[in-house]
Amino acid sequence: MNDIIIKTEEEIEIMRQAGARAAEVLRIVCDAVVPGITTKELDDLALGVMDSIGVKSAFLNYMGYPAQTCISINDTIIHGIPDGRKVKDGDVVSVDVGVWYNGFVGDNAKTVAVNVTDPKVLALLENTEKALMAGIKAAKPGNHVGDVSRAVEKVAIDNNLSVVREFVGHGCGRSMHEEPQVPNYRTRTKGALLREGMVFCIEPMFNLGTRRIRMMPDGWTVVTSDGKFSAHFEHMIAITKNGAEILTPR
Ligand code: MF3
Ligand code: CO
């Protein structure tokens, strides 16, 4: 069994630095999402920023992943590989950034709207982010992983959105993926007890239509099976005695 790795205060301080840098890259890339830019150009921008702040992508070469970031447009849920596709008006663009800093990972993501007018799409983004924040609020010592999952899922249910189940949040540290898994839906068990020193990512992926997914032939790109839009928001948090500290503040 893989157990949950509790971090020392010194390790959390490094992860705070890793998280701040991941957040910085994410902010700069998201600010550059405008009509006409290609996802490859956004990925190149991310690389330039990572170089200039002394971090490396945690995604590049991870199980053979071929880019610095994941950039997922519209019905692409996650793991979109940057390429020559141009961003256009009405798109929603999910940017996922993970970095290595002093042996630790910082990981975060958000979805931005590009001159979107459809209120349903705007509500999708708003509520996916709201679900992330609800999950963070439930992440405190004495609660369980299941309390986080339930808080996240409730926002989807209340707003008639579907929850992707094949991908979940995850512990984070000297590896990008550690125990525990953090589902965005209720499970039969309450999950691990949350304790001070745990660090994990909460990352709801909500869809406007079906929760069903399809994997593209590249083996990475995950899309909704009905072609409707999806949103993804992620923060890396640490459990402290007072509750969750967001290590990737925007
Ligand atoms: N934020 C994603 C995760 O936590 C990013 C992984 S992308 C990959 O799993 F390309 F590295 F797989
Ligand atoms: Co993640």
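I start with strands, which are DSSP runs of E with at least two residues, numbered from the N terminus, as helices are too (H or I, at least four residues). I count two strands as paired if DSSP finds at least two bridges between them.

Ground rules: this is a predicted model, where local features need pLDDT of at least 70, side-chain atom pairs count only at pLDDT 80 or more, and totals for chains, interfaces and linings use all residues. Residues run from 1 along each chain as its sequence is written, chains are lettered from A and ligands numbered from 1 in written order, and side-chain values use heavy atoms, leaving out hydrogens and water.

I looked up an open sheet of three strands, ordered 3-12-11 with antiparallel pairing. Strand 3 (76–78) and strand 11 (213–215) are its edges, each pairing on one side only. Where does Thr76 find its bridge partner in strand 12? I found Val223 there. Strand 12 (residues 222–224) and strand 3 are joined by two bridges.

**Rings.** I found one aromatic pair (ring centres within 6.5 Å for Phe, Tyr and Trp, using Trp's six-membered ring; planes under 30 degrees apart are stacked, over 60 edge-to-face, the rest tilted). Tyr65 and Trp220 have ring centres 4.9 Å apart and planes at 80°, so I log them as edge-to-face. Tyr65 is in the loop between strand 1 (56–57) and strand 2 (70–73), Trp220 in the one between strand 11 and strand 12, so the pair ties together parts 155 residues apart in sequence. Both Tyr65 and Trp220 are buried (under 20% relative accessible area; exposed is over 50%, partly exposed in between; 1.4 Å probe, protein chains only).
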